[in-house]
Structures are given as structure tokens and as C-alpha cells.
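Work through the exercises below with the sequence and the model open. Each task is followed by a solution in steps.

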Amino acid sequence: MIFAVALSVSCSSDDDSSSDTSTNALIGIWETLDVQDGIEYNITITFNPNNTGTTIMTSTVDGFTKTESEGFTWSTDGNKLTINSDVGTYSISGNKLTIKSSDGELLVLTKQ
């Protein structure tokens, strides 16, 4: 659920032809910060080596902050990324991870 919200919050049209889709490159902590309609969203996604992970989304509006956390399982096959049962694609260029959901939403995160 949080992952779906995260994808709908942060959209970008970044496209880079040099991409790393190795599983080892995906492992780590990735973050993004976005502001939409006066709400600040901070999203942190952690991909663990054992194919589990955590998404933490913090939203702040008018000085009030709410944090939600959700665990997930993940796998890759080439550039296909499956989180729980949602399948999308991903690419890594330098310290930027771009995830594209099956409905075309983009989420761009920076490795921490």
C-alpha cells in the first residue's frame, strides 16, 4: 500500500540509457523528498540482501507529521522488479534509482 502511494507521489521523466540492473546495485537505502499541494513527502525504501525490505513514508502538512512503515518482499528478473505482487521495471544510474510501476508511474530515489 505505501509503495503504491510512494509511486503516485513522486513522478519524473528521467531517462538514462546507461543503467545497472544488478541485484547487488539495488541493495541499500534509497530516499526521495517531494512536495505536492503543500504536503511534504519523505520516502525511504530499504532493499535488504535477503529479498525483504521496508518502505517508510513521512508526510508533513501544516507542521503535523505522520509516518507510515510497511515491510515487503522483492525480486528482480533483468530490469523487472517485483515488490510483493506488483511488477514494474527499474534502472540504476550512478546513485539514482528509477522505478516505473506497471501503470507508468515513476519514482526516482537517491542512494544514501
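**Exercise 1. Find which residues of the largest nonpolar core touch the most other members, and which elements supply the core.**

Solution. This is a predicted model.
- Step 1: the largest nonpolar core holds 18 residues. Leu-26, Phe-47, Leu-81 and Leu-97 touch the most other members.
- Step 2: list the elements that give two or more residues to this core. They are helix H2 (23-26), E2, E4, strand E5 (80-83), strand E6 (86-93), strand E7 (96-100) and strand E8 (106-111).
- Step 3: look for the largest share. E2 gives it, with four residues.

**Exercise 2. List the residues that Phe-47 touches, leaving out those up to four places away in sequence.**

Solution. 
- Step 1: Leu-26, Ile-27, Gly-28 and Trp-30 are among the residues touched.
- Step 2: go on along the chain. The list also includes Thr-52, Phe-72, Trp-74, Leu-81, Ile-83, Leu-97 and Ile-99.

**Exercise 3. Search the whole structure for aromatic pairs and describe the geometry of each.**

Solution. 
- Step 1: the search finds two aromatic pairs.
- Step 2: take Phe-47 with Phe-72. The ring centres are 5.6 Å apart and the planes make 70°. Planes over 60 degrees apart count as edge-to-face, so this pair is edge-to-face.
- Step 3: Phe-47 lies in strand E2 (residues 39-47) and Phe-72 in strand E4 (residues 64-77), so the pair ties together parts 25 residues apart in sequence. Phe-47 and Phe-72 are both buried.
- Step 4: take Phe-47 with Trp-74. This pair is edge-to-face too, at 5.5 Å centre to centre and 90° between the planes. Trp-74 is in strand E4 and Phe-47 in strand E2, so the pair ties together parts 27 residues apart in sequence. Both of these residues are buried.
- Step 5: join the pairs. Phe-47, Phe-72 and Trp-74 make up one aromatic cluster.

**Exercise 4. Is Asp-34 buried or exposed, and what does its side chain contact?**

Solution. 
- Step 1: locate Asp-34. It sits in strand E1 (residues 28-36).
- Step 2: check burial and charge. Asp-34 is buried and has no salt bridge. The nearest side chain of opposite charge is Lys-96, 12 Å away. A salt bridge needs the atoms within 4 Å.
- Step 3: check polar partners. The Asp-34 side chain makes a polar contact with the side chain of Gln-36, at 3.1 Å.

**Exercise 5. Count the salt bridges and say how exposed the partners are.**

Solution. 
- Step 1: the count comes to one salt bridge.
- Step 2: name the partners. Lys-66 bridges to Glu-68, with the closest N and O atoms 3.8 Å apart.
- Step 3: apply the exposure cut-offs. Lys-66 has 51% relative accessibility, so it counts as exposed. Glu-68 has 32%, so it counts as partly exposed.

**Exercise 6. Describe the setting of Asp-77.**

Solution. 
- Step 1: Asp-77 belongs to strand E4.
- Step 2: its relative accessibility is 61%, so Asp-77 counts as exposed.
- Step 3: compare chain and space. Asp-77 and Thr-89 are twelve residues apart along the chain, and their C-alpha atoms are separated by 9.4 Å.

**Exercise 7. Summarise the whole chain.**

Solution. 
- Step 1: the protein chain has two helices and eight strands. From the N terminus the order is α-α-β-β-β-β-β-β-β-β.
- Step 2: of its 112 residues, 33% count as buried.
- Step 3: Residues 24 or more positions apart account for 41% of them.

Notes
Residues are numbered from 1 along each chain as its sequence is written. This is a predicted model: local features need pLDDT of at least 70, side-chain atom pairs count only at pLDDT 80 or more; totals for chains, interfaces and linings use all residues. Side-chain values use heavy atoms; hydrogens and water are left out. Buried means under 20% relative accessible area, exposed over 50%, partly exposed in between (1.4 Å probe, protein chains only). Lys and Arg count as positive and Asp and Glu as negative; His and the chain ends are not counted. A polar contact is a pair of N or O atoms within 3.5 Å; within protein, one must be able to donate a hydrogen and the other to accept it, and residues adjacent in sequence count only if both atoms are side-chain atoms. Rings of Phe, Tyr and Trp (its six-membered ring) pair if their centres lie within 6.5 Å; planes under 30 degrees apart count as stacked, over 60 as edge-to-face and the rest as tilted. A nonpolar core is a set of buried Ala, Val, Leu, Ile, Met, Phe, Trp, Tyr and Cys residues joined through side-chain atoms within 4.5 Å. Contact means heavy atoms within 4.5 Å.
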